Each structure stands twice: as C-alpha cells, then as structure tokens.
Amino acid sequence: MENKVNAKINKLIDLVYGETFTDKHRKVLLEKIGNAASLIKEKRKSGWDEKDVVLITYADQFSAAGEKALPVFTRFYNKWLSHAFSHVHLLPFYPWSSDDGFSVIDYHEVAPETGTWSDIAELKRSTSLMFDYVCNHMSAKSQWFANYLRQTPGYEDFFISVDPETDLSAVTRPRALPLLTPFTLHDGSVRHLWTTFSEDQIDLNFASPNVLIAMVDVLLHYLMEGASYIRLDAVGFMWKIPGTHCIHLEQTHQLIQLFRAITEAVAPGTIIITETNVPHKDNISYFGNGENEAQMVYQFSLPPLVLHAIHRQDVRTLSQWASSLELPSTKTTWFNFLASHDGIGLNPLRGILPESDILSLVEKLQQEGALVNWKNNPDGTRSPYEINVTYLDALSPKNAADDERIARFILAHAVLLSFPGVPAIYIQSALGSRNDYEGVERLGYNRAINRKKYVASEIDFELSNKTGIRHQIFKQLSELIAIRKAEQVFHPGSDAIFETYGEHIFKIIRVAENGERITALFNFSQHIQTVNCDGVSGSELISKLNISGTTLTLNPWQVMWIKEN
C-alpha cells in the first residue's frame, strides 16, 4: 500500500486506540490489508447512476426439492428479476442461530443449507452484490464466544463484561429486553455481558485491538468475495461507554472512517452504507464530512412518511421534509427504501411528526392488522419502535379492492423511484406479498409477518397468472423501474425540487445535468384531483400519452411522470 494510505489508517487507529494498539497489532493489521489489496483485481463501478436499483432479499428466499437455496435463487433472479435490478442485497447468508441471520455463528462461511462461496460467485456473474457486515454483535453459539466462555487465551476481552450494579439508565435501548445477560465461564465465575438486541446476540468489544483485527479480517474477506456494497448493520451501537447513551459515539464514527479507509485501499469503488434506524438528524451524521464515512445512509424517514401521507391523504409533511434534505457532498447519496426485512421504523419520524400523530398512525395500522414492536425508554416508559407489516398491506385498508390496493402500492413506489438517491426494493414488495400471520404464529416473533420464504415453482406460477395480484404488481413495478433506468434525469445526483398542490398532490421535479426535466405528480387521495399544470407539456412516460393544456386531471392514487418538451 502507498505510504499515504498507511498514514491515514495509522492516524485513525491512533485516534481510537492510542497506545493500547501495539506495534505487533499494527503489523498484523497492515499485513492483512496489504495482502487483500494484492489479491483483489476486480474493479468496482465508480459511483452510481439511474440504472442502479437494489433488490433486498434473503439468500434462501426460494426453495426447490433436492437443491441448495442459492442456486435456486440465482435461477429465479435470472428468469424474473435481472432486467429490473442491478444489485442484490443478500441479507446475512452466514451460519446463524436466531434473528433470521443477524445472529452470526461464523462470519467467514456460507450457511451450508444455503450453498457455498462458489454459489455466491455464480450469482455475482449476473449482478452486483451487497453483503451485510454484522459488526455490532455475533451469536452466542459462535466459536468466538465459546472460546470466551472457555477462557481461551486471546479471547478474554472479545465481549463486554459489566458489573450489573453499573448505572446504565442513560443507554439508548432499541428493544424491550435486558441490556445485560449473565453467562458462566469455565472457572465457574459469572459475567454479565452486553447484549443490545437479544441474549443470543453478544455485543463485540471493539475497544479490544484483537476484536478490531478479527473484524477487519471479516471485512477484507467480503471484499475479496466481490461485495460492491457493504452494509454496516446496527453500526451506531458499536462503541460503549457506561454513563453515555452508547450510540453515535465519536469512536463509532472513527471506526467507520477506518473501515472506509481500508475499503478504499483494497477495493476502490466499494460503497459503505450505514444502517442506523434513528431520528433523521442522527442518521445523516454517518455521512461524516461527506468524504470520510458512509457514501450512502439508509433513508429511514421515507417509509413511514410515505405511509403517513397515504393514510392522511396529506402530502405536506412529506414534502416539507423532502425539501429540507441536504447532502454533504456529491460523493454521497441516499439509500432509499420503503420496506425491508425489519419493520417500518418509527424513531425516524420523531422530530418530524408530533408523538400524537405517530401513535395515531400506529393505532390505525393495528386496527388494519399490523403488529407493533416496542422499546423501553430511560424514564421507564415504553414507545412503539416499529410497525410489523408488509408494505402492501400497510398502505391500504383490509377491505380495499385489489385495484385500489395496487394503485396505492404503485404510487408509493413511484415516489421511491422518483426520489434522489439509489432505490432499494424488498423482495416481498416486488412479489406483492401479504401479511404472513401463519409465519408469526409458527416462529413466535412479529417480524416474521414480512419474511415469508417460498417454493420457487409456486411463485413462478403466481407471477405467470395474469389475473393475480402478484402478477399485476410485479408487472407494473417492473415497468416503472424500466422507465427510471432509461432516463438520465433520475440519476441519484440530479437536482430535485419538491412542491405540493394543496394537501393531496405531491410534485417532484427532477432536472438532469443536460437540462432535461421530468415533473412527477402523485395524487395522494381517493378522489379525482384537477391541478394547474403551469404550462408543463410533454410525454407522460407511464401512460405514453402527450400532455398539454392548462390543467391536468389525476385519478385517485394516480402517478404521472411528464418528460417535458
């Protein structure tokens, strides 16, 4: 590596660790980085453009008798999805013990029931890949944790032991579960270990140089396996100091800067994406100065704000929030999504909507069949943390007709595809999936409502059935994506202007560098709306009709993408 790169990495190590990071630690770490840099020959795409659309999915999403899941997924992707999606975000496909993959047993292996690294490489022939770097915690069933419990030399500080009498009341809690979990070591002593998310997900102790070296080794492995995007899962919790909130600490940001510097040294063009389901002002802090932390952050406020706008049939809050968005540099952008493997987060609404509006939305969705997860607050109260529901079912009343259900769904996803940034679509949304209550009952947790796995041949049949809701949603969504990918104006960095016509019509104007303009109009209403089009004329890309005149009429939940003459 060049001396300049080494100097940057060394400076960050010194900032975080000081003298606790010895020359021996430094030599081991830099050798690992240098070796990876010499082995990685494949170049990543530089930046992003309008053709980038990400599919979020599990590696074992589809099954077929007698086959491992990854080859089945690759076949399904090539048949149905490759024309629409440029990237596939494979949720954790490593051996795991709980949380549908996010309690990792072995970071370096592919779950044997799912496939092998060769199967990952085969999928990479068809698409760019996004891997999860589950950096905050790992499984209580892992070998690392077994070594800790056995008191194996070198593992004594891999996890965080805290005196249970310590005042941890200031710690930000994402779950209504105990923060500390007792474990018995080989010598019979009991340690209370930090478990932010569950007793099976033991937080790693990044204050240990040995943990940093082991986890950088994981990061380098993912880069060598060809990941183009790296998602830093639950990264905001990575550093702990009792007496603080233990989230968004300075050391956490410095570690992300270190991961970024290492990634740029060994695999230039790789995109770091931070996953921090927190209020917007905290979320955007992970851009750093625009050049030293994440290139993308999850746009966590977008899913609940679109949902709020549709249920209220009022776009003013959505538009006001969108108009306030600023990026720190042209080297950053938003990772936009509406649904994911998790629920619809509510913390990102806090500071944007009053708590009464948030609780009203939660109550309305519960009445329509959604489930809710709760979190403990430092003052002893509880608040709703996330809504568990498929996005299709979240958008409409239970008794809605399919035509209205589809129209609301397409409206929401047209907003997603119109927004500045890179859009990501969850597999359950792409397939038009409904709430899986049987899965919740069978597995015993709310998030299972939106994590159903499928027999590939059954989904093949349903997508081919032209009268079914899956086919209609998949077809219309695919057509929207195709339009987006063909228009330079939808480049993530193109200018965006957000306006409203009254409370029902949302307007996004996108302007490309070459001056091309598309005016997107969205009727967030169950009634026909007539608007003054302000002289806008051109080709409406969805209906393929020409638009002219002084007024436009939009049907309930209708979208227009007008490419101006």
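Leu-70, Pro-71, Phe-73, Thr-74 and Tyr-77 in helix H3 meet Asp-119, Ile-120 and Leu-123 in helix H4, where contact means heavy atoms within 4.5 Å. By class, the residues of this contact come out as 6 nonpolar, 1 polar and 1 charged. For those classes, Ala, Val, Leu, Ile, Met, Phe, Trp, Tyr, Cys and Pro count as nonpolar, Asp, Glu, Lys and Arg as charged, and the others, Gly among them, as polar.

This is a predicted model, with local features needing pLDDT of at least 70 and side-chain atom pairs counting only at pLDDT 80 or more, while totals for chains, interfaces and linings use all residues. Residues are numbered from 1 along each chain as its sequence is written, and side-chain values use heavy atoms, with hydrogens and water left out.

Back to the helix pair. H3 covers residues 69-81 and H4 residues 117-124; they pack at an angle of about 5°, their axes 9 Å apart. Helices (H or I, at least four residues) and strands (E, at least two) are DSSP runs, numbered from the N terminus. Axes are lines fitted to C-alpha atoms, for helices over the stretch in contact, and angles run from 0 to 180 degrees between N-to-C directions. H3 and H4 are therefore roughly parallel to each other, the label for angles under 35 degrees; over 145 is roughly antiparallel, 65 to 115 roughly perpendicular, and the rest oblique.

Next, the barrel. Eight strands close it in the order E1-E3-E4-E9-E10-E11-E12-E16, with parallel pairing; two strands pair if DSSP finds at least two bridges between them. From one strand to the next, the twist averages 25°. Strand E4 (residues 128-133) and strand E9 (residues 229-232) run parallel and are joined by 4 bridges. Met-130 has Tyr-229 in E9 as its bridge partner. H4 packs on this sheet and touches strand E3 (87-90) and E4, its direction making about 135° with that of E4. H7 packs there too, touching E4, E9 and strand E10 (271-274), at about 160° to the direction of E10.

H7 also has a helix partner. Helix H2 (residues 23-39) packs with H7 at an angle of about 40°, with axes 8 Å apart. Ile-33, Ala-36 and Ala-37 of H2 and Ile-262, Ala-265 and Val-266 of H7 make the contact. That contact has 6 nonpolar residues, no polar and no charged.

Is Gln-257 buried or exposed? Gln-257 counts as buried because its relative accessibility is 16%; buried means under 20% relative accessible area, exposed over 50%, partly exposed in between (1.4 Å probe, protein chains only). Leaving out residues up to four places away in sequence, Gln-257 touches Leu-12, Asn-292 and Glu-293.

Now the other sheet. It is open, with 6 strands in the order E18-E19-E20-E25-E22-E23 and antiparallel pairing. Strand E18 (495-501) and strand E23 (545-547) are its edges, each pairing on one side only. Strand E22 (residues 538-540) pairs with E23 over 3 bridges, in the antiparallel sense. Ser-539 has Asn-546 in E23 as its bridge partner. Helix H10 (residues 316-324) packs on this sheet, touching E18 and strand E19 (505-511), and its direction makes about 155° with that of E18.

Last, the cores. The largest nonpolar core has 170 residues, and Phe-206, Phe-522 and Trp-561 have the most contacts inside it. Helix H6 (residues 209-224) gives the most to this core, 11 residues. Another core lies apart from it, with 10 residues, including Val-531 and Met-560. A nonpolar core is a set of buried Ala, Val, Leu, Ile, Met, Phe, Trp, Tyr and Cys residues joined through side-chain atoms within 4.5 Å.
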